[in-house]
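Got a new fold open and wondering where to start? Let's go through a few parts of it together.

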Amino acid sequence: MKYTFYVWLIVIGACSPAFSQKTPLSPLYNPAKKNLIQSETSEMDWFMLNDSLKIPIGNIQTKIQKDNEKIQIIKTISMKQSPVQWIDSTVVGVLNFEPIYHSSFNAQRDMVLNFGEKVTGYYLDKKTAIKTPISEKTNASFFDSNFYPELVRLLPLKNGYSNTISIFDYNPTAKIGVVRATIRSVKKMTISFKGKKKQVWVVETTDDISNNSTVSTYYIDRTSRKILKQEIDLGGRKMVMESVE
């Protein structure tokens with residue numbers, strides 16, 4: 001479900017005992033600074049770094065629409081090697097970011113999730129033309145896995161901050177149901193970004209979707225809380241999403 005996010009949404013190392021002692025973040029326990037998310041449009045270039053070689057993959061445009069009841073996030077991914085765009089839509093409640101709806105359409109599959117007492121919808125594998133109905137009962141409070149990259153930038157970040165996040169993910173080839181993402185570390189840094197000095201939070205995350213084997217690092221502007229860059233360590237190579245300013 002993390003469309004690209006291997007791209008998204010993507011993730012890291014084993015959780016320490018200290019993490020398990022904390023209450024996982026969820027709509028029922030949500031310390032995020034909710035006023036930081038507003039209606040906006042942003043754009044990121046997506047590429048692979050192989051040593052010093054920069055290989056373009058595509059472009060990601062994100063449109064956030066916020067009203068008094070809900071927040072809608074639409075990501076449009078244009079791939080270099082495909083004429084078909086990927087479109088992911090996520091709708092969450094404005095108060096606590098509880099999931100309402102998620103859809104993902106690309107050349108390989110279509111998926112629709114409606115969140116309520118059960119998670120309902122369908123998954124269409126376009127290679128096999130098999131359409132699988134979805135009806136998953138859950139017993140925990142959670143965020144949509146496609147929303148948690150947005151959630152990370154809204155948290156009360158500080159040096160040494162860590163926690164786990166309860167998320168729901170649907171992926172027939174990986175995990176289905178409520179799993180955990182982990183904020184492994186947070187540190188304050190100054191970086192050079194497009195020729196300018198930027199004060200950022202560097203946030204390392206991981207999640208059960210990749211069996212905690214993939215590191216995703218966010219560089220978040222400390223003033224605007226916009227994600228300037230996301231790096232995904234693939235073992236010798238890095239997948240990068242970088243803001244177009």
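This is a predicted model: local features need pLDDT of at least 70, side-chain atom pairs count only at pLDDT 80 or more; totals for chains, interfaces and linings use all residues.

Residues are numbered from 1 along each chain as its sequence is written, and side-chain values use heavy atoms, leaving out hydrogens and water.

Q: Is Asn 146 buried or exposed?
A: Asn 146 sits in the loop between β9 (143-144) and α2 (148-154); helices (H or I, at least four residues) and strands (E, at least two) are DSSP runs, numbered from the N terminus. Buried means under 20% relative accessible area, exposed over 50%, partly exposed in between (1.4 Å probe, protein chains only). At 3% relative accessibility, Asn 146 counts as buried.

Q: Which residue in β15 is the bridge partner of Phe 47?
A: Strands β1 (residues 40-50) and β15 run antiparallel, joined by seven bridges; two strands pair if DSSP finds at least two bridges between them. In β15, the partner of Phe 47 is Val 240.

Q: What kind of aromatic pair do Phe 115 and Phe 168 form?
A: Rings of Phe, Tyr and Trp (its six-membered ring) pair if their centres lie within 6.5 Å; planes under 30 degrees apart count as stacked, over 60 as edge-to-face and the rest as tilted. Here the centres are 6.0 Å apart, with 85° between the planes. That makes the pair of Phe 115 and Phe 168 edge-to-face.
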